[in-house]
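This report covers a pocket, the ligand surroundings and the domain layout of one model.

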Amino acid sequence: MNDTARVSARGASRWARGHPWIYRSDILELPACRAGAVRVLDERGGLVGTALWSPASTISLRMLTHDDVDLGPAFWHERLEAALAYRRRLGLGEATGPSAYRLVHAEADGLPSLVVDRYGEVLVAQFLSAGLERYREEIVQALDALLRPAGVLARDDVPVREHEGLPRRVELLRGFVPEEVEVREGAVRYLAAPWSGQKTGAFLDQRENRERAGELSFGHALDCFSYHGSFALQLAVRAESVVAVDSSAEALARAEANARLNGFAHVRVREGNVFDFLRDEEAAGARYDMIVLDPPAFAKRRSAVERALRGYKEINLRALRLLAPGGTLCTFSCSYHVGRDLFSRMLQSAAADAGRTVRWIEARGQAADHPEIVQIPETGYLKGAILQAV
Ligand code: SAH
């Protein structure tokens, strides 16, 4: 039987309302056991459910169920099967569809602190809490049974693991995972780097936005914060020329390989700081028909929001000035702490200062395989806008 934690009324009501996290400050009685599964009771001894327990973290409990259950192989199999069924309903997993996408989006799939991304035949997982770490073998076994992957890699080299008292490492858990995997995404193909690339090898959350930007692309296009040419490749399908800017030489080397892979001779890469690049282009009187801004999260903490907004405004203002009449801006923010409202207000202010009339074409979010749960705001972080400078 599982060991027990006792939580305050506030902690219990959070889960009753659909949010799985119970903070240290809402724990009345800590479990005596090491990290793993615990039974959670309220102040009066009533059952709250079963949770993953992280002794070192401020998020002490991650609730999994409202019942007292045994977290045996069947439990993980069932949760993972439900996550796969959701992706199948989205049409993912078909031979002609994208070959890389997210299979498990943690809390949003009832699997708190677990990420699993699929890159064709291989899976890349992240185990992001001490409680979950205990069930690594059960989870990999269930993935094996459900998907028969050629290999499973754990990209556990992420800073959040330190808050959990867990080591940072990259570990092959099953089979074979190559250095580079070729991914099919709409009309293009690209190489992702599961062992060494950012996140699990690529930014899968932007997949639908990249394809949409590709559909709308024309003329002279610019992809800022391009990483391995991600948006640039999609833009190149319809644009006459594409410039991909990033500060990482390693990412741009793969961007060039990716352009060659698609036979795109009209994609050029530029290594540098986007802030400087945009300023220089403006000074040089350059004009673009299509610009993408997909910066890294400028606000990693709430206290950084104000400074982040100044950064977002600067690049958006400059990009709007660089747009030819009728040109399109696809602009994004992946800062959780900059919500949709703040993002819209930032755009309003950038448009006003740019002195352009700016038309909303579409509001955008993260791809549907990264579902956002209404009661768990932390599951959503990516927001975007497709705008036209009239
Ligand atoms: N658009 C990409 C993801 C971009 S991630 C995709 O869809 O896959 C952010 C990228 O910005 C990283 O590749 C990082 O190297 C780059 N970067 C961060 N700060 C930068 C800066 N100031 N100037 C240029 N590139 C920057």
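## Second largest pocket

The second largest pocket has a volume of about 250 Å³. A pocket here is an open set of points on a 1 Å grid over the protein atoms alone, where a 1.4 Å probe fits, with protein on both sides within 12 Å along at least five of seven lines; lining residues have an atom within 4 Å of a point. Among the 15 lining residues, Tyr 336, Arg 340, Glu 372, Pro 377 and Gly 380 are the closest to the centre of this pocket. Its lining comprises 7 nonpolar, 4 polar and 4 charged residues.

## Basis of the values

The model is predicted: local features need pLDDT of at least 70, side-chain atom pairs count only at pLDDT 80 or more, and totals for chains, interfaces and linings use all residues. Residues are numbered from 1 along each chain as its sequence is written, and side-chain values use heavy atoms, leaving out hydrogens and water.

## Ligand surroundings

Around the ligand there are 17 residues, of which Arg 210, Ser 230, Asp 246, Val 274 and Asp 294 come nearest (a heavy atom within 4 Å). This shell divides into 6 nonpolar, 8 polar and 3 charged residues.

Polar contacts are pairs of N or O atoms within 3.5 Å. A side-chain N or O atom of Asp 294 lies 2.6 Å from a ligand nitrogen, and a polar backbone atom of Val 274 lies 2.9 Å from a ligand nitrogen. For a polar side-chain atom of Asn 273, the distance to a ligand nitrogen is 3.2 Å.

## Domains

The chain is divided into domain 1 (4-65), domain 2 (73-181) and domain 3 (203-389), with bounds from an automatic or database domain assignment. Domain 1 contributes 15 residues and domain 2 contributes 16 residues to their contact (heavy atoms within 4.5 Å).

Notes. Points joined across faces, edges and corners; volume = space filled by probe spheres on them. Nonpolar A, V, L, I, M, F, W, Y, C, P; charged D, E, K, R; others polar. Polar contact = N/O pair within 3.5 Å; in protein donor to acceptor, adjacent residues only side chain to side chain.
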